[in-house]
Amino acid sequence: MRIRIVDAFTDRPFAGNPAGVLLLDAFPDDNRLQKIALEVNHAETAFAHPLPEGGAADWALRWFTPAAEVDLCGHATLATAHVLHTTGTHLGPVRFATRSGVLVATPAEDGSITLDFPTAPLTEVAIPDGVGEALGAEPLACFDTGPHVGDLLVELADEQTVHALRPDHKALAVHSRRGIIATARAEDPDLGHDFVSRCFFPNFGIDEDPVTGSAHTALAPYWSERLGRTALTGLQASPRSGRVRTELRGDRTLLTGRAITVIEGELLA
């Protein structure tokens, strides 16, 4: 069983968000998938196998954190599409059958890959008691991001506040199903990004996720409405950092980025 570690939403190694990728003939039982994801111990490990020709999708795809299976993951989808494309296993656009419906990944000649994901529905909610204290900064507004993303999106005062966050991860865990997306408008758009974010997912065993594609399905509609543009670039300001180009298309959001394989080996167990 070949296993690859791919850095996603970056064009250089040891940046972006690392994901394990395993291409299989079929899915083993869930317990084994979870144990492999725990052994890989990255934010997500993606498992994929080919589907019969002529159907609605080309590959089945599932994502596991070290603690649980998730409904939607952008960086591990990008990493899987990168492996399929660079190994010649699947050329051109690939359709993945997932818990969140059929997701399409389209490679471009410049090496980037665009993901077609469902746009997260945003519902403004009252700022929960204690969330500012747990996060280390008081939110200006809070939004529920719907069932597939499962986060609380909070806007903070400015970009520097997002960079400076040192949250209490245990205290954050009670405020959403998966975690918290903290965001603010970019201070200087000339630096190549329109907004910044950081993502904290203590309920899924991830204190801080380096670059989160699924979060950008909520960030894209949020900032598109406020900035008056459908095409934006987000900087996820984690220590590893990464950029996600977004384009809002109604109930779909396009996420574009690059990926690079950094490790390839064989799973022996």
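Trainee: Is Arg-95 buried, exposed or partly exposed?

Mentor: Partly exposed, with a relative accessible area of 29%. Keep in mind that this is a predicted model.

Trainee: Which residue does Arg-95 form a salt bridge with?

Mentor: Asp-58, and the closest N and O atoms of the two are 2.9 Å apart. Asp-58 is buried, at a relative accessible area of 17%.

Trainee: How many salt bridges are there?

Mentor: The count comes to 15. Another one pairs Arg-99 with Glu-69, with 3.1 Å between the closest N and O atoms. That pair also links distant parts of the chain, since Arg-99 is in the loop between S6 and S7 and Glu-69 is in strand S5, 30 residues apart.

Trainee: Why does Glu-69 count as buried?

Mentor: Because its relative accessibility is 15%, and the cut-off for buried is under 20%. Arg-99 is at 47%, so that one counts as partly exposed.

Trainee: What else does the Glu-69 side chain do, say with Arg-62?

Mentor: It makes a polar contact of 2.8 Å with the side chain of Arg-62. Beyond close sequence neighbours, Glu-69 touches Gln-34, Arg-62, Trp-63, Phe-64, Arg-99 and Phe-204.

Trainee: OK, switching to strands. Which residues are on the covered face of S6?

Mentor: Val-94, Phe-96 and Thr-98. The uncovered face has Arg-95 and Ala-97.

Trainee: Does S6 run parallel or antiparallel to S4?

Mentor: Parallel, with two bridges joining S6 to S4, which spans residues 59-64. Trp-59 stands opposite Phe-96 there.

Trainee: And how many bridges join S6 to S7?

Mentor: Five, and those two strands run antiparallel. They form a hairpin with two residues between them.

Trainee: Phe-96 keeps coming up. Which residues have the most contacts inside the largest nonpolar core?

Mentor: Trp-63 and Phe-96, in a core of 48 residues. Helix H2 (residues 74-86) supplies the largest share of this core, six residues. There's also a second, separate core of 17 residues, including Val-131, Cys-142, Leu-165 and Leu-172.

Trainee: Let's do a helix. Which residues of H1 are buried?

Mentor: Leu-33, Gln-34, Ile-36, Ala-37 and Val-40, in a helix that spans residues 30-40. They lie on the same side of H1, because they cover an arc of only 160 degrees around the axis. Lys-35 and Glu-39 are exposed on the other side.

Trainee: What covers the buried residues of H1?

Mentor: The cover includes strands S1 (2-8), S2 (17-23) and S3 (44-50), along with S4 and S5. Glu-69 is in S5, and its contacts include Gln-34, one of the buried residues of H1.

Trainee: Last one, the helix ends. Which residue caps the N-terminal end of H1?

Mentor: Asp-29, with a side-chain oxygen 3.0 Å from the backbone nitrogen of Asn-31. After H1 comes Asn-41, whose phi is positive, near 60 degrees.

Technical notes: Residues are numbered from 1 along each chain as its sequence is written. This is a predicted model: local features need pLDDT of at least 70, side-chain atom pairs count only at pLDDT 80 or more; totals for chains, interfaces and linings use all residues. Side-chain values use heavy atoms; hydrogens and water are left out. Buried means under 20% relative accessible area, exposed over 50%, partly exposed in between (1.4 Å probe, protein chains only). Helices (H or I, at least four residues) and strands (E, at least two) are DSSP runs, numbered from the N terminus. Two strands pair if DSSP finds at least two bridges between them. A polar contact is a pair of N or O atoms within 3.5 Å; within protein, one must be able to donate a hydrogen and the other to accept it, and residues adjacent in sequence count only if both atoms are side-chain atoms. Contact means heavy atoms within 4.5 Å. The arc is that of the directions from the helix axis to the C-beta atoms. A salt bridge is a side-chain nitrogen of Lys or Arg within 4 Å of a carboxyl oxygen of Asp or Glu. A nonpolar core is a set of buried Ala, Val, Leu, Ile, Met, Phe, Trp, Tyr and Cys residues joined through side-chain atoms within 4.5 Å. Lists of a residue's contacts leave out its neighbours within four places in sequence.
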